[in-house]
Amino acid sequence: MPVIRKLQIFDQIKPRLQFGIKIATCYVSTEPLWQRILIITSFISTILCFVSAVLHVIYTFQGQFTGNLAMSLMFCSGSGQVLFKSIFMRYHRKSILELLDKVKSLHNDVENEELNYIAAKNLTKFSNIWETCYKFGKAIIIITVFGFSIANIVKGKSGVILQLPLIPTDLFYFTHIMLLSQFLFLSLAALVVFYMDICIAFFGFEIMADSDILYDYISAKKEQIQEDPDFLKIITARYCEIVDNINRFNNIISLTNLVQFISSAFLNFAILFFIRSYPRNPLGYILILTVLVQLFLPCVFGEFIKIKMERLSTILYLTNWQDLSLKDQKSFLIVLGMTQREYGLRAAGMYDVNIYTFIKIVKMATSWCAFIFTLETTN
């Protein structure tokens with residue numbers, strides 16, 4: 001497959017990635033006016049949403065946890081997650097752009113035709129997966145935003161879960177203003193979350209594609225090591241590149257993962273409490289699906305990256321490296337020693353990002369919900 005095809009794959013995705021990175025990092029430079037307004041408005045609305053949700057909890061809490069307060073807590077946790085993730089992503093903006101350039105280099109041609117073919121196949125596969133995730137994620141976000149907003153409109157005053165500063169509650173159009181504000185805040189926050197997570201997903205998929213490219217190349221050559229003089233050089237260079245990309249990716253999302261884990265625990269608790277309180281309301285099930293998908297995303301990347309790196313270690317060990325010259329054997333053993341380390345994602349350098357962590361957070365939120373619901377029922 002010619003190089004132009006691989007570059008076309010990246011060029012089709014690049015505009016959405018660049019726009020997503022600008023929204024995720026709240027970066028405004030030379031974009032069209034509508035994009036600059038959208039980026040700034042999204043960040044300001046996230047701050048207002050967080051403040052308004054906190055104020056509503058303070059003003060309406062009377063010693064009893066209700067479904068309305070659960071939704072306010074959800075807004076508070078969700079907007080706080082978006083705000084802090086945007087700040088951390090902005091701090092790592094330079095690293096994100098550097099990683100984007102390194103990922104783009106995967107789509108460039110190399111002299112080895114077999115490696116070119118393997119790269120094109122894997123990059124196409126993971127790009128198609130990303131496109132599917134992009135469409136699926138957009139559909140979930142749209143359904144969630146409009147479903148949540150319509151449900152609150154139907155409930156009227158009891159659907160108000162925010163308290164904007166400086167707006168008195170006895171204002172004649174107070175309910176209408178709050179419901180409209182909730183819709184705008186949720187729409188803009190959802191936009192930021194979507195592009196932030198879809199950009200993170202892209203980098204995760206590209207790292208997995210890079211790992212699969214090297215795995216397929218080693219698999220094709222493991223019985224013919226001596227026939228390819230560049231074999232050792234290629235696997236050493238590409239393996240070091242994969243490790244470097246994993247480290248860069250981990251540094252970028254390390255703190256954002258910690259923020260997401262903490263906020264997702266509260267989000268899951270709030271929504272599960274709402275579902276327990278109103279089991280026939282379909283809104284709760286839509287919300288829990290959205291939150292679980294968002295939490296599952298980094299966990300599944302951490303799990304797959306770890307599995308694919310372990311698989312690379314295994315396939316390297318199974319090659320006929322004994323057929324190499326003594327000098328090359330020594331070099332190969334150094335590479336083999338590098339592969340024995342465990343590579344994966346960690347939140348703040350303390351917590352593993354994997355499926356087990358996802359299960360623990362959901363179980364913890366479920367336990368909180370059961371305890372609080374039992375307490376409220378008893379009272």
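Which residues do ring pairs link into a cluster? They are Phe10, Phe19, Trp34, Trp130, Tyr134, Phe194, Tyr195, Phe202 and Phe203. The points below set out this and other features.

1. Basis of the note. This is a predicted model, in which local features need pLDDT of at least 70, side-chain atom pairs count only at pLDDT 80 or more, and totals for chains, interfaces and linings use all residues. Residues are numbered from 1 along each chain as its sequence is written, and side-chain values use heavy atoms, with hydrogens and water left out.

2. Overall architecture. The protein has ten helices and two strands; helices (H or I, at least four residues) and strands (E, at least two) are DSSP runs, numbered from the N terminus. Along the sequence the pattern reads α-α-α-α-α-α-α-α-α-β-β-α. The C-alpha trace spans about 85 × 50 × 30 Å along its principal axes. Of the 379 residues, 50% are buried, where buried means under 20% relative accessible area, exposed over 50%, and partly exposed in between (1.4 Å probe, protein chains only).

3. Transmembrane annotation. An unreviewed UniProt entry places the feature "transmembrane region" at residues 37-59, 65-84, 136-154, 174-205, 258-278 and 284-305. UniProt positions are given in the numbering used here, feature names are shortened, and annotations may be inferred rather than shown by experiment. In the model, residues 136-154 are 100% helix and 0% strand, with the end C-alpha atoms 27 Å apart. Residues 258-278 are 95% helix and 0% strand, and there the end C-alpha atoms are 30 Å apart.

4. The largest pocket. This pocket holds about 790 Å³ of space. Of its 38 lining residues, Ile141, Val193, Asp197, Thr290 and Gln294 are the closest to its centre. Two or more lining residues come from each of α3 (67-91), α5 (113-155), α6 (174-221), α7 (231-277) and α8 (282-317). Helix α8 gives the most, with eleven residues. By class, the lining has 29 nonpolar, seven polar and two charged residues. Here Ala, Val, Leu, Ile, Met, Phe, Trp, Tyr, Cys and Pro count as nonpolar, Asp, Glu, Lys and Arg as charged, and the others, Gly among them, as polar. On a 1 Å grid over the protein atoms alone, a pocket is an open set of points with protein on both sides within 12 Å along at least five of seven lines, a cavity is a set of points where a 1.4 Å probe fits but cannot get out, and lining residues have an atom within 4 Å of a point. Grid points are joined across faces, edges and corners, and a volume is the space filled by probe spheres set on the points.

5. The largest cavity. There are three cavities of 30 Å³ or more, and the largest contains about 60 Å³ of space. Its lining consists of Asp197, Ile200, Ile253, Thr256, Asn257, Gln260, Gln294, Leu297 and Pro298. Helix α7 supplies the largest share, four residues. Gln260 is found in helix α7 and counts as buried at 2% relative accessibility.

6. The second largest cavity. Its volume is about 50 Å³, and it is lined by Ile23, Cys26, Ile39, Ser42, Phe43, Thr46, Ser86 and Val192. Five of these residues are nonpolar, three polar and none charged. Cys26 lies in the loop between α1 (3-24) and α2 (33-60) and has a phi near 50°, a positive value in a residue other than glycine. Most residues other than glycine have a negative phi.

7. Aromatic pairs. The count comes to 17 aromatic pairs. Rings of Phe, Tyr and Trp (its six-membered ring) pair if their centres lie within 6.5 Å; planes under 30 degrees apart count as stacked, over 60 as edge-to-face and the rest as tilted. Phe296 and Phe358 form an edge-to-face pair, 5.3 Å centre to centre with 75° between the planes. This pair links distant parts of the chain, with Phe296 in helix α8 and Phe358 in helix α10 (residues 355-378), 62 residues apart. Phe296 is partly exposed, at 34% relative accessible area, whereas Phe358 counts as buried at 15%.

8. Cysteines. The structure holds zero disulfides, a disulfide being a pair of cysteine sulfur atoms within 2.5 Å. The sulfur of Cys199 is too far for a bond, because the closest cysteine sulfur, in Cys133, is 13 Å away. For Cys369 the closest cysteine sulfur, in Cys76, is 18 Å away, also too far for a bond.
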